[in-house]
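Here is a short briefing on one protein model. Have the sequence and the coordinates open while you go through it.

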Amino acid sequence: MNRRISTMIVAVVPILIFGILLSAVTVPYVALGPGPTFDTLGEVDGRQVVDIEGADVHKTSGHLNMTTVSQRDGLTLGQAMIFWASGRDQLIPRELVYPPDKSREEIDEANTADFRQSEDSAEYAALHYLEYPMAVTVESIDDAGPSKGKLQAGDAIDAVNNTPVATLEQFQALLKPTKPGDTVVIDYRRKNEPAGTTEITLGKHPEREQGFLGVNVLDAPWAPFTIDFNLANVGGPSAGLMFSLAVVDKLTTGDINGGKFVAGTGTITGDGKVGSIGGITHKIVAAQEAGATTFLVPADNCAEAKTADVDGVDLLKVDTLEHAIDGLRTLSAGGEPPRC
């Protein structure tokens, strides 16, 4: 009897130890896999993902889904082995996702900032495609600056001290000779509101002698209506292309997607150039599982995209917003758009 107990203990103890290792020991890897997708023509939590106010919005059909990559951190050895064996998820060293010289909070903040920038770029790209005129546009206001409460992000600046300005260069030239304490008169246009005029007393900047207005401005296409993007807890810049497509689709007649289920990904610049992203194969799998039959792939991701283990998804190659729209319309008309 004692021998049997001893034999059983010898056999069970390693299993128990291995089980503890599987459930308690964490590994320095992150699992990447298909994440949720969101229809940019639809709603999330009762709000339009792309909400346009102050303009005629046309009825849309079908889908224009943005795609994401899921990230699972803090994996136990057992979880890592399950993800690795599934073939669906990818294990990569944690330091590639969360560099050791940055805190988790810093990385999350950077991803959020990238996402917000992608929203601005998506708006500018869509308005550029729709041929709205350029204007000196307020991108942001310094919270402690003299323009706080007088100008707003999205305002178009038309004149400084009664001198018209049409470009950022002209605007900067008019402010260059000013000094702290000077008062300037700014004529501006505001979205969904009448044009206005405001007087601002310039502050002092620690690195410049000229007067400090406290705004960040850029040359950008300007429209008199607002565009809001209502997605929370999504980071990174890769939604830009799909956001732009949704704006154009809502502001024009006809369906860009031909009424079909289209998904995609890609960064975008204010002038409509589409850039590469990470995790393309995971995003294609997510799109297929959501029901997409067409996927928009940034041109620089095409080689990797073709390695995705999916069937029934047409991979369209895009390098600009204009080419993406042309490709989808060509596909809807029965033509041959550029493919990966």
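The lining of the second largest pocket divides into eight nonpolar, six polar and three charged residues. Here Ala, Val, Leu, Ile, Met, Phe, Trp, Tyr, Cys and Pro count as nonpolar, Asp, Glu, Lys and Arg as charged, and the others, Gly among them, as polar. This is a predicted model, in which local features need pLDDT of at least 70, side-chain atom pairs count only at pLDDT 80 or more, and totals for chains, interfaces and linings use all residues. Residues are numbered from 1 along each chain as its sequence is written, and side-chain values use heavy atoms, with hydrogens and water left out.

**Second largest pocket**

- The volume of this pocket is about 380 Å³. A volume is the space filled by probe spheres set on the grid points, which are joined across faces, edges and corners.
- A pocket is an open set of points on a 1 Å grid over the protein atoms alone, where a 1.4 Å probe fits, with protein on both sides within 12 Å along at least five of seven lines; lining residues have an atom within 4 Å of a point.
- The lining counts 17 residues, and Arg208, Gln210, Phe212, Gly214 and Val215 lie nearest the centre.
- Strand 7 (134-141), helix 5 (168-175), strand 13 (208-212) and strand 14 (215-221) each supply at least two lining residues. Helices (H or I, at least four residues) and strands (E, at least two) are DSSP runs, numbered from the N terminus.

- Buried means under 20% relative accessible area, exposed over 50%, and partly exposed in between (1.4 Å probe, protein chains only).
- Strand 8 (residues 156-160) pairs with strand 10 in the antiparallel sense over four bridges. Two strands pair if DSSP finds at least two bridges between them.
- Val160 has Ile186 of strand 10 as its bridge partner.
- Strand 11 (residues 196-201) also pairs with strand 10 in the antiparallel sense, over six bridges. Val185 stands opposite Glu199 of strand 11.
- Six residues lie between the strands in the hairpin of strand 10 and strand 11, where Asn192 takes a positive phi near 60°.

**Strand 4 and strand 15**

- Strand 4 (residues 50-53) contains Glu53. Its covered face holds Val50 and Ile52, and its uncovered face Asp51 and Glu53.
- Strand 4 pairs with strand 15 in the antiparallel sense over four bridges. Asp51 stands opposite Asp228 in strand 15.
- Glu53 is partly exposed, at 43% relative accessible area. The C-alpha atoms of Glu53 and Thr226 are separated by 5.4 Å, although the two residues are 173 residues apart along the chain.

**Aromatic pairs**

- The structure holds three aromatic pairs. Rings of Phe, Tyr and Trp (its six-membered ring) pair if their centres lie within 6.5 Å; planes under 30 degrees apart count as stacked, over 60 as edge-to-face and the rest as tilted.
- Phe115 and Phe243 pair edge-to-face, 5.9 Å centre to centre with 65° between the planes. The pair links distant parts of the chain, Phe115 in helix 4 (residues 104-129) and Phe243 in helix 6 (residues 240-251), 128 residues apart. Both Phe115 and Phe243 are buried.
- Tyr132 and Phe225 also pair edge-to-face, at 5.7 Å and 80°. Tyr132 lies in the loop between helix 4 and strand 7 and Phe225 in the loop between strand 14 and strand 15 (226-229), so the pair ties together parts 93 residues apart in sequence.
- Tyr132 is partly exposed at 28% relative accessible area, whereas Phe225 is buried at 3%.
- Phe115, Phe229 and Phe243 form one aromatic cluster.

**Disulfide**

- The structure holds one disulfide, a pair of cysteine sulfur atoms within 2.5 Å.
- Cys302 and Cys340 form the link, with their sulfur atoms 1.9 Å apart. The link is left-handed, with -60° about the S-S bond.
- It joins distant parts of the chain: Cys302 in helix 8 (residues 302-305) and Cys340 in the segment after helix 9 (321-332), 38 residues apart.
- Cys302 is buried at 7% relative accessible area, while Cys340 is partly exposed at 25%.
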